[in-house]
Amino acid sequence: MPPQHHPSELSPAVRLLREFLNTREMAAGTDQLSSAEGLSAWLASVQGSAADLEWVPGDREWVVAVREALRDVLSGHNGAAVPPASIALLNRAAGRAPLVARWDGAGNVTVAAAGGGVAAAVGRIWAAVVAAQAEGTWPRLKACRRGDCRWIFLDQSKNHSAAWCTTAGCGALMKARAYRRRRAGAGQPADRTSVPP
Ligand SMILES: [Zn+2]
């Protein structure tokens, strides 16, 4: 049986994935991985040992490309079509960031990142995806449907139908838009009495 988590408590896999994807906050126009210091800080937060903190020129761009391809997959969880180029990019990246099988004392197998440096950090992201799939949270991890937001959130609604995140007022904004749409669509005279001007 997959581990159960209290709804308000995110699993380690979901936390790791959310923190990685949300290093970019489109609505605020910020990206932690836009600088060398930011990449080092992210590596330090993901990696188990100091030896894995090294990176070379080009690594930062690679990690950012992986992150955005993953965001496309998580938009797919929210009804968007996933560009084949994003899947191809992830498969190429998988070749550079391999996983190894690890058996635990209970006789169960998990996957873990192999190698070191930035590849190991990306390997930890893959391992988190595998864990999220196993625990059933992966399809509920979504990119906000608002095109200029795309913040990553775990859909904890009962019927798993949440489309927008609740940060930066997205949820409220979308509710207001849906309300206006309904109002425009149902613009019959009988309706007007109940709608304030
Ligand atoms: Zn949003």
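What share of the contacts in the chain with a separation of 6 or more is accounted for by residues 24 or more positions apart? Such residues account for 51% of those contacts, where two residues are in contact if their C-beta atoms, placed from the backbone, lie within 7 Å. The structure is a predicted model, in which local features need pLDDT of at least 70 and side-chain atom pairs count only at pLDDT 80 or more, while totals for chains, interfaces and linings use all residues. Residues are numbered from 1 along each chain as its sequence is written.

The predictor's confidence in each residue is given by pLDDT, which runs from 0 to 100; its mean over the chain is 87, and 87% of the residues reach 70 or more. Over residues 188-197, however, pLDDT stays under 50, and the model has 2 contacts beyond four places in sequence for that stretch. Where pLDDT is low, the predicted coordinates should not be read in detail.

The chain has 7 helices and 6 strands, these being DSSP runs (H or I of at least four residues for helices, E of at least two for strands) numbered from the N terminus. Read from the N terminus on, the elements follow the order α-β-β-α-α-α-β-β-α-β-β-α-α. Of the 197 residues in the chain, 25% are buried, a residue being buried if 20 or more other C-beta atoms lie within 10 Å of its own, exposed if 12 or fewer, and partly exposed in between, with C-beta atoms placed from the backbone.

Helix α3 (residues 59-76) packs against helix α4 (residues 84-96) at an angle of about 135 degrees, with the axes 9 Å apart; the axes are lines fitted to C-alpha atoms over the stretch in contact, and angles run from 0 to 180 degrees between N-to-C directions. That angle makes α3 oblique to α4, because angles under 35 degrees count as roughly parallel, over 145 as roughly antiparallel, 65 to 115 as roughly perpendicular and the rest as oblique. At this packing, Ala65, Val66, Ala69, Asp72 and Val73 in α3 meet Ser86, Leu89, Leu90 and Ala93 in α4.

Strand β3 (residues 99-103) is hardly covered, the count of buried residues among its 5 residues being 0. With strand β4 (residues 109-113), β3 pairs in the antiparallel sense over 5 bridges, where pairing requires that DSSP finds at least two bridges between the strands. Across this pair, arginine 102 stands opposite threonine 110 in β4, and among the 5 residues between the strands of the hairpin, glycine 107 takes a positive phi near 85 degrees.

Helix α5 (residues 117-135) contains glycine 123, which is buried, with 24 other C-beta atoms within 10 Å. Leaving aside residues up to four places away in sequence, glycine 123 touches Ala97, Pro98, Leu99, Ala113, Ala114 and Gly115. Glycine 123 and arginine 96 are 27 residues apart in sequence, yet 8.8 Å apart in space from C-alpha to C-alpha.

Most residues other than glycine have a negative phi, and two residues may be read against that background. Arginine 150, in the loop between β5 (141-143) and β6 (152-154), has a positive phi of about 55 degrees although it is not a glycine, and arginine 150 is buried, with 25 other C-beta atoms within 10 Å. Histidine 160, in the loop between β6 and α6 (170-185), likewise has a positive phi, near 55 degrees, but histidine 160 is exposed, with 11 other C-beta atoms within 10 Å.
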